[in-house]
Amino acid sequence: MIHHHPTETTLAAYAAGTLPEALAIVTATHIGRCVACRRSLETLEATGGALLEGMAPVAMAGDAWDRLLVRADEPAPQPPRILNPELPAPLSRVTFGRWWPIGFGMRYRPLRAAGAAWGGLLLASPNRSLPSHGHAGRELTCILSGSFADGTGVYEAGDLSEPVTDHDQPPVVIGTEPCLCIIASEGMRLRGLLGLVQRMIGQ
Ligand SMILES: [Zn+2]
């Protein structure tokens, strides 16, 4: 059962295609498991379509029809290959770097994404707290397995965490399973030794 969802602002930005790639990938991972957000997305897309229909028509370029016919003959683009069959869509088709140990009981695997945000997979053992950090922009985390808790509640598989302020309490992995999550941020910078590792691996 999913209890934590992206904010309406983030979902609207996702529907409009304006989220940086790494944040869009985390949002899509949640939407793939969340019926409520899929319904909200359909409503947002219908609203966007109605807005387009209400706009004044614009004259088409003289060669628009010819260009459309040429494109209709082109083969349909193939979806990207499955690179990570152990992960759910869309993470199965995105490129990750190697796993890096980032302290005791914690590993990080950077996501190769374009745009103004960065992200990666984070795997943490039970009782480990996620790295100390501050926020300078949006940060999204979707749990893939295991669970963590912070001052705002308990997060389990499928839940999406979108903190609106700096974490008062750092998230701590609870239960007996390690916690695997996909995280993306526009501005989060890890502090201390982990911050040094983050800079070494180019994020
Ligand atoms: Zn949701």
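The conversation below takes up confidence, the core, the sheet, a helix and a hairpin in turn.

Biologist: How do you know how far to trust this model, and where is confidence lowest and highest?

Modeller: This is a predicted model, and on a confidence scale that runs from 0 to 100, the mean pLDDT of the protein is 85, with 87% of its residues at 70 or more. Confidence is lowest in helix H5, residues 192–200, where the mean is 56, and highest in helix H2, residues 21–31, where it is 96. Where pLDDT is low, the predicted coordinates should not be read in detail.

Biologist: Which elements give two or more residues to the largest nonpolar core, and which residues touch the most other members?

Modeller: This core has 38 residues, and Ala22, Leu23, Ile25, Val26, Leu122 and Ala184 are those that touch the most other members. Two or more residues come from each of helix H1 (8–16), H2, and strands E2 (106–110), E3 (118–124), E5 (139–145) and E10 (179–185). H2 gives the largest share, seven residues. Leaving aside residues up to four places away in sequence, valine 26 touches Gly119, Leu140, Cys142, Ile182 and Ala184.

Biologist: What makes E1 and E8 the edges of the six-stranded sheet?

Modeller: The order of this open sheet is E1-E2-E3-E10-E5-E8, with antiparallel pairing. Strand E1 (100–101) and strand E8 (160–161) each have a single partner strand, so one side of each is left without a neighbour in the sheet.

Biologist: Why are E2 and E3 called a pair?

Modeller: Two strands pair if there are at least two bridges between them, and E2 and E3 are joined in the antiparallel sense over five bridges, therefore they count as a pair. Methionine 106 stands opposite alanine 124 in E3.

Biologist: How do you know whether the span of helix H3 agrees with its number of residues, and is H3 largely buried or in the open?

Modeller: H3, residues 35–53, has 19 residues, which at 1.5 Å a residue should span 27 Å, and its end C-alpha atoms are 27 Å apart, so the two values agree. Of these 19 residues the number buried is one, so H3 lies largely in the open.

Biologist: What are the partners of strand E6?

Modeller: E6 (residues 147–150) runs antiparallel to strand E9 (residues 172–174), with three bridges, and E6 also pairs in the antiparallel sense with strand E7 (residues 153–155) over three bridges. Alanine 149 has valine 172 as its bridge partner in E9 and stands opposite valine 154 in E7. E6 and E7 form a hairpin, with two residues between them.

Terms used. Residues numbered from 1 in each chain as written. Predicted model: local features only at pLDDT ≥ 70, side-chain atom pairs only at ≥ 80, totals over all residues. pLDDT = per-residue confidence, 0-100. Helix = DSSP H or I, 4+ residues; strand = E, 2+ residues; numbered from the N terminus. Core = buried A, V, L, I, M, F, W, Y, C linked by C-beta atoms within 7 Å. Buried ≥ 20, exposed ≤ 12 C-beta atoms within 10 Å, placed from the backbone. Contact = placed C-beta atoms within 7 Å. Expected span 1.5 Å × (residues − 1).
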